[in-house]
Amino acid sequence: MEPLILGIESTCDETGVALVRGRTLLADVTATSMEEHARYGGIIPEIASRAHLEAIEPTLNEALERAGVSLADVDAIAVAAGPGLIGSLTVGVCAAKALALALDKPLYGVNHVLGHLAVDELVDGEIPPGSIGLIVSGGHTNLLHLKDMARDVVELGGTLDDAAGEAFDKVGRLLGLPYPGGPHVDRLAREGDKQAIRFPRGLSTGKHVAAHPYDFSFSGLKTAVARHIEALEAKGQELPVQDICAGFSEAVNEVLVDKAFAAVKAFDAPALIVGGGFSANSRLRELLKAGQEKYGVEVRFPPLKYCTDNGAQIAALGSILARAGVEPSPADFAPDSSLPLSQASLLP
């Protein structure tokens, strides 16, 4: 029987606990403190940490009950060790260490961002070696070569400034939309004219794309949107909010998709695996599906329920590591808020 992995996620404002056996999800429970942050227009680290302290035990108990197992049945524990907010990470890591010590079970401190890709195994099966991974979230926009999810991940490029999700939230703020702005921008973009306003595509032409084939930049795009809004307001004109959202969305998503498929072609990858909160974006999914047909390559992205932070992604990555025979993390490891994306776990 394959090992039963308990996964704990606490990188930001979601407390997630899940149980996975092999590639089968037995339970996934998430508590969120999003509403507590909404009044401030962004994540407050101290509030997030306190919320994790309150939620971790009841979330764990509910996950065990749903899975129909006890702590004694667990074979190994995986916990998000980074990247993330250091206070939030510490809560989860301390809880996981206490459980591992009390149960005398191996513990894996895993890469939360790679977990966004690993969770796809729970839906679509084993990730083909050599696939390209596209991470798109509020804090990360990166292209990875997944030679071996457990042992050999190469970062091809990433954002030089704002991440895709971060840019969406900032444009939402410029337009006076509720926090978090990303989902609202996505919704309004579907109602707008994609061709009405053409915003710049960062690092995607001439010498810029040659120098940065797999890197992204959305800060200039965000500034272009701000200048467009300021110009209209200076003239006393009403803002075409839907068209602004549509033009902005197209500028972000075209670059993401073009660079992702360029990497697929360059490395002759068998699949493109997409993960992260921003992978819920409706236009991104439309363009990825179109690219799948155009390039004849499998494109895999998780169901919407797995796009945001969750325990399932941590348990899934822990399961990959345990099945591959990777050594558990040392008992004295510390959370690392800047854990490299080339590192699936903290090794001895």
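Let's start with a hairpin: strands E6 and E7 form one, with four residues between them. Keep in mind as you look around that this is a predicted model. E6 covers residues 131-136, and six bridges join E6 to E7, with the two strands running antiparallel. If you want to find one of these pairings on screen, look for Val136, whose bridge partner in E7 is Thr141.

Now follow the chain along E7 itself. This strand takes in residues 141-148, and six of its eight residues are buried, so E7 is mostly covered. E7 also has a partner in E8 (residues 152-158): the two pair in the antiparallel sense over six bridges. Here, too, a hairpin makes the link, with three residues joining E7 to E8. For a landmark, find Leu146, which stands opposite Val153 in E8.

There's another hairpin to visit, made by E2 and E3 with two residues between them. In its turn sits Gly22, which has a positive phi of about 65°. E2 spans residues 14-21 and E3 spans residues 24-32, and they pair in the antiparallel sense over eight bridges. Among the residues to look for is Gly16, whose bridge partner in E3 is Thr30.

Next, let's move to a helix. Ser282 belongs to helix H11, which runs over residues 282-295. Is Ser282 buried or exposed? Ser282 counts as buried, because its relative accessibility is 19% and the cut-off for buried is under 20%. Its side chain makes a polar contact with the side chain of Asp186, at 2.8 Å. If you leave aside the neighbours within four places in sequence, Ser282 is in contact with Asp186 and Arg190.

What about the cysteines? A disulfide is a covalent bond between the sulfur atoms of two cysteines. How many disulfides does the structure hold? The structure holds zero. Take Cys12: the closest cysteine sulfur is in Cys307, 16 Å away, so that is too far for a bond. Cys245 has its closest cysteine sulfur in Cys307 as well, but the distance is 20 Å, so a bond is ruled out here too. Cys245 counts as buried because its relative accessibility is 0%.

Finally, have a look at the aromatic rings. A search of the whole structure finds five aromatic pairs. One of them is Tyr214 with Phe267, a tilted pair at 6.3 Å centre to centre and 45° between the planes. This pair links distant parts of the chain, with the two residues 53 apart: Tyr214 is in the loop between helices H8 and H9, while Phe267 is in the loop between helix H10 and strand E9. Tyr214 is buried, with a relative accessible area of 15%, whereas Phe267, at 33% relative accessibility, counts as partly exposed.

Phe216 and Phe218 give you a stacked pair, 6.2 Å centre to centre with 20° between the planes. Both of these residues are buried. Phe216 also has a lysine to look for: Lys259 lies over the face of its ring, at 5.8 Å from the ring centre.

Note on methods: Residues are numbered from 1 along each chain as its sequence is written. This is a predicted model: local features need pLDDT of at least 70, side-chain atom pairs count only at pLDDT 80 or more; totals for chains, interfaces and linings use all residues. Side-chain values use heavy atoms; hydrogens and water are left out. Two strands pair if DSSP finds at least two bridges between them. Buried means under 20% relative accessible area, exposed over 50%, partly exposed in between (1.4 Å probe, protein chains only). A polar contact is a pair of N or O atoms within 3.5 Å; within protein, one must be able to donate a hydrogen and the other to accept it, and residues adjacent in sequence count only if both atoms are side-chain atoms. Contact means heavy atoms within 4.5 Å. A disulfide is a pair of cysteine sulfur atoms within 2.5 Å. Rings of Phe, Tyr and Trp (its six-membered ring) pair if their centres lie within 6.5 Å; planes under 30 degrees apart count as stacked, over 60 as edge-to-face and the rest as tilted. A charge sits over a ring if NZ of Lys or CZ of Arg is within 6 Å of the ring centre and within 35 degrees of the ring normal.
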